[in-house]
Amino acid sequence: MTSKLRAAPRTARPLLVAALVLTLLAGGFAVWGGWAWYAAAHDDTAAYAGQRDAALAAGEQAVQNLNTLDHREVDQGLDLWESSTTGELHEQLAEGRKEFTDQVKSAKTVTTAKVLSAAVTELDDRAGRARVLVALRVTVKAPGAEKTDKDSRMLGELTRTGGGWKLSALGQAPVGGTPAG
């Protein structure tokens with residue numbers, strides 16, 4: 001009988017060791033998974049990438065908005081322009097609104113823009129400033145004339161506001177070897 005009692009613990013020992021090893025492995029994996037999750041959740045790179053993506057999306061949309069206008073819906077179009085901008089650019093648009101409305105209505109043009117590609121060229125997340133380069137195709141339709149397409153590259157400056165990223169400056173990007181200025 002004594003030999004039977006000694007044999008039982010030897011059989012249980014490998015199972016106990018295997019259970020202990022599996023428990024330690026599971027615990028180690030849980031610690032590693034928790035640490036990896038915490039590190040990813042508190043990584044500044046992810047937050048920076050999110051701001052870059054938000055600035056890019058806002059910049060694309062704002063540049064497209066400011067290059068699209070239908071003489072039949074000038075007020076709605078200019079409202080969209082103003083809601084897409086901030087700072088001096090917003091003030092310039094608001095101040096020149098009446099004169100510009102009269103010009104567009106008398107010319108009876110329909111201008112539409114399509115973003116071809118865009119990129120954030122600078123991002124200062126702490127200061128809330130960004131710059132974007134946007135390539136777009138602008139189509140102009142005037143009465144009695146065929147549609148004309150023009151490809152253009154625009155440089156935009158964005159400022160982060162309480163309502164998100166807004167366009168604060170917009171200008172033509174230099175093409176080829178022409179200096180910026």
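## Ground rules and a buried arginine

Buried here means under 20% relative accessible area, exposed means over 50%, and partly exposed lies in between, all with a 1.4 Å probe and protein chains only. The structure is a predicted model, in which local features need pLDDT of at least 70 and side-chain atom pairs count only at pLDDT 80 or more, while totals for chains, interfaces and linings use all residues. Residues are numbered from 1 along each chain as its sequence is written, and side-chain values use heavy atoms, with hydrogens and water left out.

Let's start with R97, which is buried because its relative accessible area is 18%. This residue belongs to helix α5, residues 97-107; helices (H or I, at least four residues) and strands (E, at least two) are DSSP runs, numbered from the N terminus. Neighbours within four places in sequence aside, R97 is in contact (heavy atoms within 4.5 Å) with D75, L78, D79 and E82.

## The sheet and its hairpins

Next comes an open sheet of five strands, ordered β1-β2-β3-β4-β5 with antiparallel pairing. Because β1 (69-70) and β5 (164-172) each have a single partner strand, they stand at the edges, and one side of each is left without a neighbour in the sheet. Two strands count as paired if DSSP finds at least two bridges between them.

β2 and β3 pair in the antiparallel sense over 13 bridges, and E122 has R131 in β3 as its bridge partner. These two strands form a hairpin with four residues between them, and G128 in the turn has a positive phi of about 75 degrees. Strand β3 (residues 129-141) also runs antiparallel to β4 (residues 148-161), joined to it by 12 bridges. Across that pairing, A135 stands opposite R153 and V132 stands opposite G156. The β3 and β4 hairpin has six residues between its strands, with a positive phi of about 75 degrees at G144 in the turn.

## Helix packing and the core

Helix α2 (residues 44-65) lies across β2, β3, β4 and β5, and runs at about 155 degrees to β2. For that angle, axes are lines fitted to C-alpha atoms, for helices over the stretch in contact, and angles run from 0 to 180 degrees between N-to-C directions.

The largest nonpolar core has 23 residues, and L136, L158, W165 and L167 have the most contacts inside it. At least two residues of this core come from each of α2, α3 (74-83), α4 (87-95), β2, β3, β4 and β5, and β3 gives the most, with five. A nonpolar core is a set of buried Ala, Val, Leu, Ile, Met, Phe, Trp, Tyr and Cys residues joined through side-chain atoms within 4.5 Å. Beyond its neighbours within four places in sequence, L167 has contacts that include A62, V63, L66, L89 and L158.

K108 is found in the loop between α5 and β2 (110-124), and it counts as partly exposed at 46% relative accessibility. Its phi is near 55 degrees, a positive value in a residue other than glycine. Most residues other than glycine have a negative phi.

E95 lies in helix α4 and is exposed, with a relative accessible area of 68%. Between E95 and K147 there are 30 Å in space, C-alpha to C-alpha, and the two are 52 residues apart in sequence.
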